[in-house]
Number of protein chains: 2
Amino acid sequence: MKAIKGNIISTCRFGELSILEQGFLILDDRGRIVSVTEQLKGEQNYLPVADYGDRLILHSFADMHLHAPQYPMVGMGMDLPLLDWLNTYTFEVEARFADTEYAREVYRRLAADLIGWGTTRVVMFSSLHTEATWILMEELEKAGIVGYVGKVNMDRNGKDKLQETTEESKRETLRWLEGCRRFRYIRPIITPRFTPSCTDELMDWLGTLAQQRGLYIQSHMNENLEEIRLVKELVPDCDRYWQTYAKHQMWKDHTVMAHCVHIDESEIAALKEANIVVAHCADSNINICSGIAPVRRLVKEGVWVTLGSDIAGGAQLSMAEVITMTIRSSKIKAMQEGEEKEFLSVAEGYYLGTVSGHRYFGAGEGFCSGDFLHAIVVEDSDRISLGREMSLKERFERVIYRMKKENIAVVYSEGRKVIDKIQVQERIRAE
Amino acid sequence: MKAIKGNIISTCRFGELSILEQGFLILDDRGRIVSVTEQLKGEQNYLPVADYGDRLILHSFADMHLHAPQYPMVGMGMDLPLLDWLNTYTFEVEARFADTEYAREVYRRLAADLIGWGTTRVVMFSSLHTEATWILMEELEKAGIVGYVGKVNMDRNGKDKLQETTEESKRETLRWLEGCRRFRYIRPIITPRFTPSCTDELMDWLGTLAQQRGLYIQSHMNENLEEIRLVKELVPDCDRYWQTYAKHQMWKDHTVMAHCVHIDESEIAALKEANIVVAHCADSNINICSGIAPVRRLVKEGVWVTLGSDIAGGAQLSMAEVITMTIRSSKIKAMQEGEEKEFLSVAEGYYLGTVSGHRYFGAGEGFCSGDFLHAIVVEDSDRISLGREMSLKERFERVIYRMKKENIAVVYSEGRKVIDKIQVQERIRAE
């Protein structure tokens with residue numbers, strides 16, 4: 001057992017911030033949380049303590065939706081109309097991941113970038129390439145990240161270079177799953193790109209496979225109005241988009257649906273009933289003009305909401321930036337609606353970008369006994385004096401709004417210290 | 001004379017990007033631009049050349065609206081309702097600038113941060129404190145920044161600690177102006193905080209003073225609906241907010257009006273007719289729920305639009321981030337309007353955040369002969385390969401979306417090299 005000490009700022013419920021000044025996180029020898037405490041008591045005084053001093057100890061981030069092969073094009077093509085962006089630019093870049101050397105280089109950098117930003121858990125799209133997907137999983141695992149990664153399935157409406165036949169898609173999915181057994185921290189997730197990309201036959205096969213093997217599913221839903229119209233055209237027997245997943249056994253507990261921007265009462269009810277996880281992607285939704293999702297309303301109505309960077313629709317990998325963009329987006333929604341004046345607080349955004357995603361992996365809320373530690377230690381000595389003592393809440397707000405990579409001094413993922421820029425020595429405090 | 005060499009990306013007109021691969025900027029001995037050229041010709045071959053290699057040479061940024069004394073609270077208080085944010089939080093922090101030592105510390109860091117982000121020209125609010133305002137001007141000048149700084153006038157509706165009597169305000173304004181003669185690069189600008197903060201008597205006096213001494217004016221206008229209602233209540237004889245400035249000779253060429261979020265045809269006409277400079281502050285307008293300004297429409301209708309970080313309503317000092325937030329804001333507007341689907345392109349945002357502001361200082365558009373050089377050299381070797389050659393336009397878009405301070409390798413302001421992290425030696429190329 002050991003302990004880490006610092007200013008611990010956690011969230012145990014949506015909107016509730018728990019601030020423990022100079023508190024202790026007690027960990028067992030595998031890095032699981034034993035308890036969070038104000039003071040060491042009795043035998044705890046003989047534990048080795050890593051004292052992070054005046055630094056902040058926060059939850060690490062969970063990025064619940066992003067496209068790994070779009071990492072090279074982050075920040076580019078933002079002036080293009082959506083369909084051009086997707087069909088020429090995005091698909092063109094994704095197609096390059098047939099090249100495994102290229103995939104290795106890109107994914108190594110992506111993994112380093114993610115963990116450097118304090119993102120320790122991910123739910124991620126790869127491309128349709130089996131080898132490149134394994135490489136992605138390897139690089140994430142090496143970097144200390146925990147997550148679900150999906151080889152993408154798409155057997156219609158792609159481009160020449162970025163489409164499989166139905167047979168290929170099935171065969172490669174099975175081959176890919178076979179090769180995933182070797183990973184410890186990265187698990188496979190079934191990933192039909194979205195309804196327009198998959199024939200009924202493929203969807204049905206994937207849904208059955210997921211059911212048989214107990215695999216989770218991720219996809220996209222209700223991102224923009226044109227897409228919604230297209231789905232209605234393609235699947236005329238389904239009144240709503242979600243039913244195109246439900247009819248293939250895909251609308252079930254822990255299915256991650258990215259976006260859900262344009263959504264009505266009945267769809268909200270369907271999300272809740274099935275315990276679907278919404279991955280809300282505020283930056284992407286603005287950048288590619290999809291719309292402004294009613295994120296606070298979804299949470300208030302009991303939908304499980306998490307956040308995604310959604311690169312490369314999103315332009316930032318930092319989940320702190322994603323959180324503040326989510327807050328901005330909720331403020332825009334609040335201004336639009338007029339009657340519903342409530343927007344996301346910083347504490348609420350923090351919950352969505354951390355704990356709400358960690359729950360996907362079976363973790364409890366807050367720093368919960370029995371959970372492996374997922375945390376970052378934040379060095380914020382670059383703050384400007386207010387001419388008076390700054391409260392921990394103010395420091396917390398500031399680091400969420402202003403986080404730079406260099407502020408993230410230490411990263412714990414699944415109980416392991418995977419980044420350490422400050423090398424604080426563990427010391428026993430009792431004499 | 002000398003030259004600098006690199007990939008020169010400038011903008012000569014709203015929306016037009018001029019990309020010169022491995023081009024030369026020829027400068028005279030005072031750092032004024034002589035010409036921009038693809039190749040050195042004749043005697044130019046004997047000029048010393050600073051070769052920045054494959055790096056990008058961009059316009060430096062102009063931040064046309066920010067509150068220097070709010071710098072310590074950037075990223076804090078974002079959950080507060082607007083009036084609480086302003087009346088308790090903001091005014092409380094501003095009041096601390098009665099302390100000159102505190103002002104020195106904060107303003108030194110602000111100046112370093114601004115120039116580090118490549119912002120070489122500013123139009124800025126100080127607080128009402130005369131000494132602190134001089135300190136701000138000193139620190140900006142020392143850091144190599146060019147700009148207009150205003151001691152704020154406010155003789156009503158402030159808080160105890162942050163209000164002057166009318167007499168004090170006049171006396172201190174004169175004393176402050178007297179002390180401004182010693183500055184070379186930083187000039188004073190008349191700064192009534194906004195109509196609600198200034199009595200008619202003070203406004204009249206300030207307007208006359210500006211007229212007599214040929215001083216520019218900056219203030220706020222049409223930021224949010226509550227403020228607009230308040231102004232109507234306070235000045236019942238004025239039908240529109242702008243008229244409360246016009247009646248005191250303040251509605252004139254080069255007056256900077258921050259925000260202009262809620263604006264109709266007649267107000268747009270008034271802005272154009274007087275050649276008012278709108279300082280659009282997208283991040284601030286979202287953060288404090290002011291509204292979404294019709295920025296592209298203002299430009300299209302011929303209004304002079306520039307950008308401001310507006311810290312601490314804005315949470316970011318980086319004008320590259322302000323530009324991308326402006327683009328996001330324009331996309332939100334485009335989505336809201338439905339019929340007007342056009343949003344700002346990256347090139348258009350770049351124009352607004354650079355050249356449009358530089359024009360305030362008498363500069364031409366683009367890298368214009370006779371102008372002092374205001375430029376940044378951007379090191380973007382951190383880009384991820386696309387698996388093919390990346391175009392200069394793609395690299396440009398990416399650095400605008402992804403600019404980190406460490407990417408800004410060299411900063412030229414008013415012809416002087418004020419930051420240089422790479423120390424490229426000047427060499428004569430001819431043999």
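Me: At what angle do helix α2 (residues 100-116) of chain A and helix α3 (residues 130-143) of chain A pack, and how far apart are their axes?

Reply: Good place to start! Keep in mind that this is a predicted model. Two packed helices are described by the angle between their axes and the distance between the axes. Here, α2 and α3 of chain A pack at about 30°, and their axes lie 8 Å apart. Angles under 35 degrees count as roughly parallel, so α2(A) is roughly parallel to α3(A).

Me: Which hand does the crossing of α2(A) and α3(A) have?

Reply: The crossing is right-handed.

Me: Which kinds of residues make up the contact of α2(A) with α3(A): nonpolar, polar or charged?

Reply: Eleven are nonpolar, one is polar and six are charged. To find them in the structure, look in α2(A) for residues including Ala103(A), Tyr107(A) and Leu110(A). On the α3(A) side, residues of the contact include Ile135(A), Leu136(A) and Glu139(A).

Me: Which residues of α11(A) and α12(A) meet?

Reply: From α11(A) come Met319(A), Ile323(A) and Ile327(A), and they meet Val346(A), Gly349(A), Tyr350(A) and Gly353(A) of α12(A). By type, this contact has five nonpolar residues, two polar ones and no charged ones.

Me: Let's turn to aromatic rings. How many aromatic pairs are there over all chains?

Reply: Rings count as a pair if their centres lie within 6.5 Å, and over all chains there are 24 aromatic pairs. Take Tyr241(B) and Tyr245(B): their ring centres are 5.8 Å apart and their planes are at 15°, so this pair is stacked.

Me: Where do Tyr241(B) and Tyr245(B) sit in the chain?

Reply: Both belong to helix α7 (residues 241-246) of chain B. They are four residues apart, which means that about one helical turn separates them.

Me: Are Tyr241(B) and Tyr245(B) buried or exposed?

Reply: Compare each value with the cut-off: buried means under 20% relative accessible area. Tyr241(B) has 3%, so Tyr241(B) is buried. Tyr245(B) has 0% and is buried too.

Me: Which residues do ring pairs link into a cluster in chain A?

Reply: Look for Tyr148(A), Tyr216(A), Trp304(A), Tyr360(A) and Phe361(A), which ring pairs join into a cluster.

Terms used:
Residues numbered from 1 in each chain as written. Chains lettered and ligands numbered in written order. Predicted model: local features only at pLDDT ≥ 70, side-chain atom pairs only at ≥ 80, totals over all residues. Heavy atoms only, no water. Contact = heavy atoms within 4.5 Å. Helix = DSSP H or I, 4+ residues; strand = E, 2+ residues; numbered from the N terminus. Nonpolar A, V, L, I, M, F, W, Y, C, P; charged D, E, K, R; others polar. Phe/Tyr/Trp six-rings, centres within 6.5 Å; stacked < 30°, edge-to-face > 60°. Buried < 20%, exposed > 50% of the residue type's maximum accessible area, 1.4 Å probe, protein only. Axes fitted to C-alpha atoms, helices over the stretch in contact; angles between N-to-C directions. Parallel < 35°, antiparallel > 145°, perpendicular 65-115°, else oblique. Left-handed = near helix turned anticlockwise from the far one by under 90°.
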